[in-house]
Amino acid sequence: MKTELSAQEAAVLEIIRANPFAGQQEIAGEMGLARSTIAAHIVQLIQKGYLLGRGYLLPDAQRAVCVGGAVLDRKYHAHRPLIEGTSNPVNGSRSFGGVARNVAENLALLGTPTSFVSIVGDDETGRQLLRHLRDRGVDVSQVITSSEKPTAEYAAVLDPAGDLAYGIADMGIFDLFAPAHLDRIWPHLASASWVFADCNLPGETLQGLISRKHAVGFKLAVDAVSTPKVAKLPQSLNGIDLIFMNLDEARAYLKTDFGSGPEAAKKAAQGLLAAGAGESVVSIGSNGIAVANGQRAAAFPAVTANVVDITGAGDAMIAGTLHNLLSGENIFTAARIGALIGTLTTESDASVCSELSENFVRANMHRMPA
Ligand SMILES: Nc1ncnc2c1ncn2[C@@H]1O[C@H](COP(=O)(O)OP(=O)(O)OP(=O)(O)O)[C@@H](O)[C@H]1O
Ligand SMILES: [Mg+2]
């Protein structure tokens with residue numbers, strides 16, 4: 001037996017039954033009550049079991065959608081100098097990667113409601129990859145499964161010193177991510193606060209996303225992924241609210257040699273604004289980040305790290321920035337906390353630090369330079 005409802009609670013429930021997508025403001029208007037009163041009634045309705053939740057009822061629900069790469073990363077570490085044309089004994093390990101996938105997993109660990117949009121093969125790798133994200137609480141309902149191509153894989157063959165001898169990328173499946181897929185799932189994107197896309201997407205799909213977004217409310221963030229992939233970005237970054245690049249990628253995109261170090265990163269960040277982006281973050285590994293918006297450009301040093309493995313630092317920095325923007329911070333503060341999360345990721349051997357949480361970040365805040 002459910003608990004009795006007050007007259008006002010019953011009236012709110014009736015409005016929601018008639019229109020399950022009614023926002024709190026709308027209900028407040030209809031009943032002539034304050035929105036905060038409606039919010040309190042909805043909490044009661046959930047506690048009393050009349051509503052399953054209120055996620056979709058809040059017009060201001062802070063949700064992020066990550067669109068782009070989902071990859072199985074394999075690492076093969078050779079014991080002895082590599083010899084061509086023969087079999088080389090290695091230690092192998094595997095983990096999940098892909099910029100958008102990593103960003104989605106980090107966002108979920110930080111507590112942002114997140115959904116992931118990508119394409120995987122109809123294979124065990126794809127199923128495991130999605131299961132892992134689902135276990136983290138990421139909504140993977142809009143991921144397409146292709147029977148044409150296998151889930152993307154990246155294999156790194158490392159020499160005994162740990163340096164990359166060969167990088168082997170089987171990413172053909174991403175060519176199948178056509179603009180039409182985004183059209184099909186548009187309401188899923190349109191209802192988000194932030195959409196993040198990586199340059200694993202085909203150029204025309206990225207372009208489609210940029211040109212359609214002006215009509216909706218979400219903000220769009222984009223990461224370059226790698227120097228070759230910056231070529232997929234349009235000539236103008238108009239329509240991109242926030243662009244992420246490392247300094248090499250900015251150099252490749254802007255075809256300008258800024259030199260190195262914080263001043264160079266600052267110039268690159270300003271160059272990305274001149275190219276049309278609303279705000280920009282340019283990362284320079286252990287040297288930190290530069291951030292620019294219409295008012296200001298600034299560089300921030302990185303937190304000193306006990307580096308274990310730098311893989312995924314950039315992706316964690318992006319997720320940390322987006323999470324803090326969603327919490328209402330400005331881009332400078334958000335990116336600085338993001339950079340700290342990047343550093344924390346270098347101290348973990350996994351590409352997504354499984355210890356990550358808001359509390360974990362808070363416990364490390366004292367390490368940030370003043
Ligand atoms: N060696 C390091 N020491 C401290 N912090 C680091 C180090 N490497 C990376 N970071 C942190 O992570 C952020 C992003 O790193 P980086 O600039 O290497 O990104 P990236 O080139 O996009 O890397 P990737 O995409 O391969 O993860 C840096 O701005 C910094 O805050
Ligand atoms: Mg990167």
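Reader: Which residues of helix 4 are buried?

Author: In this predicted model, the buried residues of helix 4 are V99, A100, R101, N102, V103, A104, E105, N106, L107, A108, L109 and L110. Helix 4 is therefore described as mostly covered, with 12 of its 12 residues buried, where buried stands for a relative accessible area under 20%.

Reader: How do you know that the span of helix 4 agrees with its number of residues?

Author: Helix 4 covers residues 99–110, and at 1.5 Å a residue its 12 residues should span 16 Å. After the helix comes G111, whose phi is positive, near 100 degrees.

Reader: What makes strand 4 and strand 14 edge strands?

Author: They belong to an open sheet of 8 strands with mixed pairing, in the order 4-1-9-10-11-12-13-14. Strand 4 (114–117) and strand 14 (297–300) each have a single partner strand, so one side of each is left without a neighbour in the sheet. From one strand to the next, the twist averages 15 degrees.

Reader: What makes strand 10 and strand 11 a pair, and what packs on strand 11?

Author: Strand 10 (residues 219–223) and strand 11 (residues 242–246) run parallel and are joined by 3 bridges, and since at least two are needed, they count as paired. The bridge partner of V222 is I243 in strand 11. Helix 9 (residues 247–254) packs on the sheet, where it touches strand 11 and strand 12 (279–283), and its direction makes about 110 degrees with that of strand 11. Helix 12 (residues 331–346) also packs on the sheet, touching strand 11, strand 12, strand 13 (289–292) and strand 14, with a direction at about 160 degrees to that of strand 13.

Reader: How is the packing of helix 11 and helix 12 described, and what kinds of residue make the contact?

Author: Two packed helices are described by the angle between their axes and the distance between the axes. The axes of helix 11 (residues 313–326) and helix 12 come within 7 Å and cross at roughly 145 degrees, and the crossing is right-handed. Helix 11 contributes A313, A316, M317, G320, T321, N324 and L325, while helix 12 contributes I331, A334, A335, I337, G338, A339, I341, G342, T345 and T346. These contact residues divide into 10 nonpolar, 7 polar and no charged.

Reader: Why are strand 3 and strand 8 called edge strands?

Author: In an open sheet of 4 strands with mixed pairing, the order is 3-2-7-8. Strand 3 (90–97) and strand 8 (164–170) each pair on one side only, and these are the edge strands. The twist in this sheet averages 15 degrees from one strand to the next. Strand 2 (residues 71–78) and strand 7 (residues 152–158) run parallel and are joined by 7 bridges, with H77 opposite L158 of strand 7. Helix 5 (residues 124–135) packs on this sheet, touching strand 2 and strand 3, and its direction makes about 60 degrees with that of strand 3.

Reader: What makes N364 buried, and which residues does it contact beyond its neighbours within four places in sequence?

Author: N364, which is placed in helix 13 (residues 358–364), has a relative accessibility of 10% and so counts as buried, the cut-off being under 20%. Leaving aside its neighbours within four places in sequence, N364 is in contact with L340 and L344.

Terms used
Residues are numbered from 1 along each chain as its sequence is written. Chains are lettered from A and ligands numbered from 1 in the order in which they are written. This is a predicted model: local features need pLDDT of at least 70, side-chain atom pairs count only at pLDDT 80 or more; totals for chains, interfaces and linings use all residues. Side-chain values use heavy atoms; hydrogens and water are left out. Helices (H or I, at least four residues) and strands (E, at least two) are DSSP runs, numbered from the N terminus. The expected span of a helix is 1.5 Å times one less than its number of residues. Buried means under 20% relative accessible area, exposed over 50%, partly exposed in between (1.4 Å probe, protein chains only). Axes are lines fitted to C-alpha atoms, for helices over the stretch in contact, and angles run from 0 to 180 degrees between N-to-C directions. Contact means heavy atoms within 4.5 Å. A crossing is left-handed if the near helix is turned anticlockwise from the far one by less than a right angle, and right-handed if clockwise. Ala, Val, Leu, Ile, Met, Phe, Trp, Tyr, Cys and Pro count as nonpolar, Asp, Glu, Lys and Arg as charged, and the others, Gly among them, as polar.
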